[in-house]
Amino acid sequence: MNDQTPKRLGGSLVERAAAHQAFVQRQAAQQHAPAQQAAVAPVAPPVPKPRHDIPVFGAVEAPRAPLVRPEPVAAAQPVQEPSTRRRVAIDRKKLAEHGMLVPGATVTALAEEFRLVKRQLLTTARQIRAAGGEGADDRSRMILVCSAKPNDGKTFCAINLALSLAAEKDVEILLVDADFAKPDVLQRLGAPDGPGLLDALSGGVKDVEDCVIDTDVPQLSVLPAGTRSVADTELLASARAHAILDGLAAANPRRIVIFDSPPILAASPASALASHVGQVMLVVRADRTRENELRDAVGLLDGCDHIQLLLNSVSIQPGGRRFGSYGAYYGEPDQ
């Protein structure tokens, strides 16, 4: 007999029914107890043991984009404005007829002589720059060509010097006709005249560079004398003249400015111009310039510290020197 089978009990019918009901409830409770316990306390899944044979790495960054160096940006090149200056052709036939240097022609004795002249002038220019001082570089590139008296050949020498210097590789030449009383640089070159230096000094032309005329000779340009004035010396002594004349060299560091001035004993502009330039080339005519005239001329050019003499119109003797005499004038006029 199953110990769980309800025993027969005595008592009334009601008592026996209550006992049987209690027995049924116990049986039901025993059958549902495991399921309820599982619902109340579920068993946790087993925790896997860590594996020590797997390497552990640090944080890995996301891949970066490759470093690309930017291409250097080229500096913007200034736009070259077309020149508005006049351009003329030099009359080479006329130069040859007057016995002057002809660009591109065969080297002559005259060409060699002016090569000697320009070498001395360029050497002096370097000495002026080396000495330093205010505006030394600009002044070293400004040369005054004059003579004691008319007809000594100073314009002939000024043009030939300009043509010879224009053959240099690293310079540009500006030939200025500063013989206001008798301007003939443009006429000798076979070029038309026009507004020039005096117009800029008087204020009739705003910018003196607008008066500069380019030529078909490489690296050579000319500045006409301009409209004649009765106050040319006063204009040269003005503050405006200082700015304009000094600006001719300052405008271009490659530029050498050559002034063809009036004879120093015949007109005063040469004396005023001497204070602006770094050196003076004083043309002396061998067969006519007297010593006292030369001393007077040098005395009037005392605004410039470097005065050099060019002996012109020398009679050439067979076997003698082709170039007469050229050198610096040292000492005071009365020595």
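In helix α11 (residues 291-300), Glu293, Leu294, Ala297 and Val298 are buried, meaning under 20% relative accessible area with a 1.4 Å probe and protein chains only, where over 50% is exposed and anything in between is partly exposed. These four lie on the same side of α11 because they cover an arc of only 135° around the axis, the arc being that of the directions from the helix axis to the C-beta atoms. An α-helix has 3.6 residues a turn, so residues three or four places apart point the same way. Among the elements covering the buried residues of α11 are β7 (279-285) and β8 (307-312), with contact meaning heavy atoms within 4.5 Å.

A word on the basis: this is a predicted model, where local features need pLDDT of at least 70, side-chain atom pairs count only at pLDDT 80 or more, and totals for chains, interfaces and linings use all residues. Residues are numbered from 1 along each chain as its sequence is written, and side-chain values use heavy atoms, leaving out hydrogens and water.

Helices (H or I, at least four residues) and strands (E, at least two) are DSSP runs, numbered from the N terminus. Two strands pair if DSSP finds at least two bridges between them.

| Partner of β5 | Sense | Bridges |
|---|---|---|
| β3 (residues 172-177) | parallel | four bridges |
| β4 (residues 213-215) | antiparallel | two bridges |

Serine 221 in β5 is the bridge partner of leucine 174 and also stands opposite aspartate 214.

Finally, the cysteines: cysteine 157 counts as buried at 1% relative accessibility, and cysteine 211 at 4%.
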